[in-house]
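Trainee: I am new to this structure, and I would like to understand the terms used for it. Could we go through them one by one?

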Amino acid sequence: GETGTLEAYYSRVTTGVLSGKMILVGELDKETVERMREHAVKSRITENNARKFTLNQEDLALAYNVPVASITFIPTPNLDEETALGRFGQPAERIRASEQVEHLLYPEKGLALTLDGKGKELLQYVAPRDFARLRGIVLRPGTEN
C-alpha cells in the first residue's frame, strides 16, 4: 500500500578503505514514483517481501538525472565504536535503541551511524539541511529513507 521510492542498489562498492553495499534514494515526488511503477517493464517480490520494479527505458533515463535524497552504506567489515569515533569524532547526539544498537548522530555532516553489536552497521547520509528528517527515521525504526 506504499508508494515506495526510487532506489539504486549497489551490491559492491568501495569507498576509501571500506567496501560494502550502497543504496541511493532519489528525490522524486509521489506522483512520479507511482507513474514509474505503472510503466515498469516487470516487478518481483524480494526476499524481505518488498516489491522491486524494473523501469522502462524512458523512466530509467529520467532516474539517472534525479537528485540523490539520501545514501545508505552498509560496510562489509564490522565497525566498532572506537573506529567510528576515530573516523567521525564525537557525535552531537547518541541514541540507544536497544542493548546492542546505538545511533551516533552527526547533523553537521548529515550522518546517522548505527552501531549494532549483533548485526551490521549502517551509515545513512543526507544533506545536512535535511538532517531532521533523517533523525526522525532513526527514531522510528522500520521507516524508509
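Mentor: Let us begin with pairing: two strands pair if DSSP finds at least two bridges between them, and strands (E, at least two residues), like helices (H or I, at least four residues), are DSSP runs numbered from the N terminus. This is a predicted model, in which local features need pLDDT of at least 70 and side-chain atom pairs count only at pLDDT 80 or more, while totals for chains, interfaces and linings use all residues. Residues are numbered from 1 along each chain as its sequence is written, and side-chain values use heavy atoms, with hydrogens and water left out.

Trainee: What makes strand 6 and strand 7 a pair?

Mentor: The definition asks for at least two bridges, and strand 6 (residues 93-96) has four with strand 7, in the antiparallel sense, so the two strands count as paired. E93 stands opposite L105 in strand 7, and a hairpin of four residues joins strand 6 to strand 7.

Trainee: How do you know that strand 7 also pairs with strand 8?

Mentor: Six bridges join strand 7 to strand 8 (residues 111-116), and the two run antiparallel; E102, for instance, stands opposite L115 in strand 8. In the hairpin of these strands, which has four residues between them, G110 takes a positive phi near 70°.

Trainee: Why is Y106 called buried?

Mentor: Buried means under 20% relative accessible area, exposed means over 50%, and partly exposed lies in between, with a 1.4 Å probe and protein chains only. Y106 has 0% relative accessibility, so Y106 counts as buried, and F88, at 13%, counts as buried by that cut-off too. In strand 7, six of its six residues are buried: V101, H103 and L105 point one way, and E102, L104 and Y106 the other way.

Trainee: Why is the aromatic pair of F88 and Y106 called tilted?

Mentor: Rings of Phe, Tyr and Trp (its six-membered ring) pair if their centres lie within 6.5 Å, and planes under 30 degrees apart count as stacked, over 60 as edge-to-face and the rest as tilted. For F88 and Y106 the values are 5.9 Å centre to centre and 50° between the planes, so the rings pair and the pair is tilted. F88 lies in helix 3 and Y106 in strand 7 (residues 101-106), so the pair ties together parts that are 18 residues apart in sequence. The structure holds one aromatic pair.
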